[in-house]
Amino acid sequence: MLYDKYIFVLDFYNMEPLQVDVVHFYPRENAQPHNTIKFEVINEENPTTTIVRRGQPFNGVVRFTRPFDENEDIVQLMFTLGDKPQMDTQGAMFIHRDAVTDKHTWTAKLLDVQSDTVSFEDFSMKILNYGVTTNPAPQAVSDDILRASQKSGISFARAHPLLTLKDFYNMEPLQVDVVHFYPRENAQPHNTIKFEVINEENPTTTIVRRGQPFNGVVRFTRPFDENEDIVQLMFTLGDKPQMDTQGAMFIHRDAVTDKHTWTAKLLDVQSDTVSFEVSTPITAPVGSWALRVVTRLKSSSTRAFYDFDQDIYILFNPWNPDDQTYMEDTDLLQEYVLNDVGKVWVGPIKTTRGKPWFYGQFDAAVLPACMFMLDRAEMPFHQRGDPVKMARVISRIVNSNDDAGVLVGRWDGEYEDGTAPSEWTGSVDILAQYLETQLEVPYGQCWVFAGVVTTVCRALGIPSRVVSNLVSAHDANSSLTVDKYYTETMEEMDYDPNNANGADSIWNYHVWNDVWMARPDLPPGYGGWQAIDATPQETSSGLYQCGPAPLEAIKQGVIGLGYDVEFMLASVNADLMRWRKDPDAETGFSMVDTNNYHKIVLTVLPTFYSTVTKKGTSESDRKKFSITGLLHENFKLWCNYKSGATGHFYNMEPLQVDVVHFYPRENAQPHNTIKFEVINEENPTTTIVRRGQPFNGVVRFTRPFDENEDIVQLMFTLGDKPQMDTQGAMFIHRDAVTDKHTWTAKLLDVQSDTVSFEVSIYLLLYDKIAVELKK
C-alpha cells in the first residue's frame, strides 16, 4: 500500500558541506608503535608517506575551511585498494565519538575537536588484503578518500599523504590434511548415539541435531598461524545451494553463538591442528550436508579448497526449546523419538490386539532411505527445515500413488507377486528394499503405512506415534457424514449418486500417525499433536497426502485449518446417515435415520511396552483417548457447524491495510512544527516532523494482526529513484533498538486489527517522502 500523504523532514541548517584544507597522518609518530620507524621514507625531513600495520590503530587529523559542527557535520573516511575496489579491498567509516573498535571492521574514532580541526584514530580491519604502494600518480585510487558531508550535501577531498599497509608473510594458503567431527562424542549430547553407524568400530558418519553446537578438528600440512591464516567452513545441502541451504563461517576465537546463524568458534590451536565448535541455526533444513574447507592468507586472495568426503546429517531437535518440534517432557521423547519398538493396534473393536512392530529408525539403511524418499518426492531443500511441510511430504511419499513412493497399497488379498501386508513385522526391511531397488515395495495396508511413517519421522527427529481408530469413517466427499443410499424398497445401492468418485464407507479399524510440532502457520493454540495419514484414500491438493491436521482443531471441530481437518474430523466423528430414494424430495432422496456409532481411538501407552495379550487385547500398554473428551464433544461442535452456528475458517492471506495515520497534530508539538498551516487544518493530512527524533503512527488492517505470524515493513522513499541515502526500510517489531544512524520502527501496542508504532529516522534531505507498507 502506498501512503499518499506527505511527511516533511526539516533541516536546521543552511550551510555548505565542509571543505578539507589539510589531512595529516603523523607518519613518524605512528611509525613508532607500528614498528615501521626504520623505513627510509619515514625518516625524511618532512615525511609524506604513512606506513602502519593492520589490526593496530593509528592517529590522524583533518583541518577544514570552516569550524566543524559535531552535531551537524558528517565526515566519512573511505580507504580503497586497487583500481576496482571490492568489499575486501575497501573500508568506509564515519568519524564519531562512540566508534567501537572491532578487529574485523574499519572504525574511525573522534578524539578531539578544535574549531576547524578534527583529530581521530583509525583502526584498519584485521583481515584486510594489503600491499605496498609507493609514489602514486595523483589520480591513483589506492590512497584514502575523505568524504566530508553536511547533512544537506556532500563533497569529496583526496587526502595526502598516501597510506600504505605492510605485509610480513610470504606463505601459501593452508592445505588440509584431515577433518574429523568426533561422531561418537558428539552423538551423546545430541541424542543420536543409538544410530547404528555411530557404533561402528571407526565411525565415519556424523549425526547431530540442529541448533546445538558440535565439535570438530582440522589438521593442516603446516602450522596454523592465527594472525595470518584464515579458515572458512562452507556447509551446503543439495546440488544447488541457496541462502537457506548453506552456511559459511570463518573459524575465529570471538565467534558469538546465535541460534539463527552458523558460527565456528576456535577452541584450541596445537601447531598444525585446530579444534573448533560449530553451531547451526535452529531452523536449518534437515538432511545430509556437504562440507568444504576454504583456506587463504590474510595477505592474499589465493584460496585452497578441501572437500570433506564423509556424511554429516543434521536432524530436527525436539530437545531444544527453540526448535519447532520441541517437546518439553523428555520421558515422552524417549518414547516418541528414541524408542525403536512398539505396537500397532489392529483388528475390529471386539477383537483388537496389539501387533508388535520394529520401527528400527537407527538402522544404517534408514537415514539414506529417508534422503532418497525426500529427493524422489522432489521436496525443495530449503523447505526441509519446516516440520509441517516435511510431515505433509512424508504422508505422500510413503505411499506409491503419486511419486513412486515406498509402499504399494493393496486390499484384494492377491499378494503373490509381493509380500502380504500381514507378513511385515517392521519398517527396516521395507525401507532397505526401497533404497536398494529404488522401486515401490509391494504390499502395504494402513498399519504398515503408519509403521513406516513412524520410522521415518523418528529418524529425522520428529516425535511420532501410531494411532488406531476402531470403527473409522471414510468420508469421500467432505460432507462430514457417512452417507448410505437405498432404493424406494430399501435395498442398499452400491454407489453414491451424489459423488461420482466413490461412495462413503466405514472401516472396522484404520491406522494413521500423530506427529508433534508447533504450528506457526496457524493461529495460536493449534500446536502439539498433528494427525497425518499415509494410507492413500482421498487426494488433498491433487495428491494422495493427508495432514498435518491439528488434534486440537479436530477435537473442537474447527474446520478450514491446514491441513485436511475436515477429513480427519469425519474419520473420528462422522454420523452414519441413511437416505431413501424419494422423487418428491428436492435432492431426490429423503433421510431415513442417523446413527452416531461407537468409536475408540487407541495408541501405545508411552514408556511402557507389554508383550502380554489376553483374549486378543492388552489393556496394560494401550492408551485410550477419552470418548467424552474427544468424540462426544466433537459431535456437539459438528452439529453446531452443520446448523451454521459454528465454523472457524483460517486460511490467512497477507494483511491488507485499511488505514494509516501519523497523528499530524500530536507529532507536531514535540517536533516544533505546530505552526505550519497544514497542521492546523480541521483534519490535517500532512505530517511534518524533524529528523533524528521519533514520531508515532498507527496502522489498521482488515483482519486481526498476529504478532507471531504477520510481518509488516515500512519503506520510506525520497524522490522518483530512491537510492541508499534516500530510502529507509524497516520492519515493525517490539525489540527495535533506536539508533540515530539508522531507520527503526518500534511496535508499541496491538489492539486486534490495529498496530501502534514509533518511527525513528536519520539523515534526510529537506523534502517530502513517500511511505509504502509491505506485508
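1. Let's start with a tryptophan. Trp512 belongs to strand β27, which covers residues 505–517. Asp533 is 21 residues from Trp512 in sequence, yet the C-alpha atoms of the two are 4.8 Å apart in space.

2. A word on what you are looking at. This is a predicted model, in which local features need pLDDT of at least 70 and side-chain atom pairs count only at pLDDT 80 or more, while totals for chains, interfaces and linings use all residues. Residues are numbered from 1 along each chain as its sequence is written, and side-chain values use heavy atoms, with hydrogens and water left out.

3. Now the overall picture. The protein chain has 11 helices and 41 strands. It runs to 775 residues, and 50% of them count as buried. The exposed surface comes to about 36,400 Å², with 49% of it supplied by carbon and sulfur atoms. Those areas come from the Shrake-Rupley method with a 1.4 Å probe, and for residues only the protein chains shown count as cover.

4. On to charges. Side chains of opposite charge can pair when their charged atoms come close. Searching the whole structure gives 21 salt bridges, each being a side-chain nitrogen of Lys or Arg within 4 Å of a carboxyl oxygen of Asp or Glu. One of them joins Arg392 and Asp564, with 3.0 Å between the closest N and O atoms. Arg392 sits in helix α5 (residues 387–397) and Asp564 in the loop between α8 (551–556) and α9 (565–573), so this pair ties together parts that are 172 residues apart in sequence. Both partners are buried.

5. Stay with that loop for a moment. Asp564 has a phi near 60°, a positive value in a residue other than glycine. Its relative accessibility is 17%, so Asp564 counts as buried. Tyr563 is also placed in the loop between α8 and α9, and the peptide bond leading from Gly562 to Tyr563 is cis, with omega near 0°. If you are checking the backbone by eye, there is another cis bond to look at, from Pro442 to Tyr443, again with omega near 0°. Tyr443 lies in strand β24, residues 441–444.

6. Arg396 makes a salt bridge with Asp403, where the closest N and O atoms are 2.5 Å apart. Arg396 is buried, at 9% relative accessibility. Ala404 is in the loop between α5 and β23 (407–409), and its phi is near 55°, a positive value in a residue other than glycine. Ala404 is partly exposed, at 25% relative accessibility. Another salt bridge links Arg410 and Asp412, with the closest N and O atoms 2.9 Å apart. Here Asp412 is partly exposed at 47%, and Arg410 is partly exposed at 24%.

7. Finally, the empty space. Rolling a probe the size of a water molecule over the atoms shows where empty space is left. A cavity is a set of points, on a 1 Å grid over the protein atoms alone, where a 1.4 Å probe fits but cannot get out, and lining residues have an atom within 4 Å of a point. Grid points are joined across faces, edges and corners, and a volume is the space filled by probe spheres set on the points. The count is two cavities of 30 Å³ or more.

8. What lines the second largest cavity? Its volume is about 70 Å³, and the lining residues include Glu335, Tyr336, Lys343, Arg458, Arg465 and Thr603. The elements giving two or more residues to this lining are α3 (330–338), β21 (341–346), β25 (464–474) and β32 (600–604). β21 gives the largest share, three residues. By type, the lining divides into five nonpolar, two polar and four charged residues. In that scheme Ala, Val, Leu, Ile, Met, Phe, Trp, Tyr, Cys and Pro are nonpolar, Asp, Glu, Lys and Arg are charged, and the others, Gly among them, are polar.

Terms used. Helices (H or I, at least four residues) and strands (E, at least two) are DSSP runs, numbered from the N terminus. Buried means under 20% relative accessible area, exposed over 50%, partly exposed in between (1.4 Å probe, protein chains only). On a 1 Å grid over the protein atoms alone, a cavity is a set of points where a 1.4 Å probe fits but cannot get out, and a pocket is an open set with protein on both sides within 12 Å along at least five of seven lines; lining residues have an atom within 4 Å of a point.
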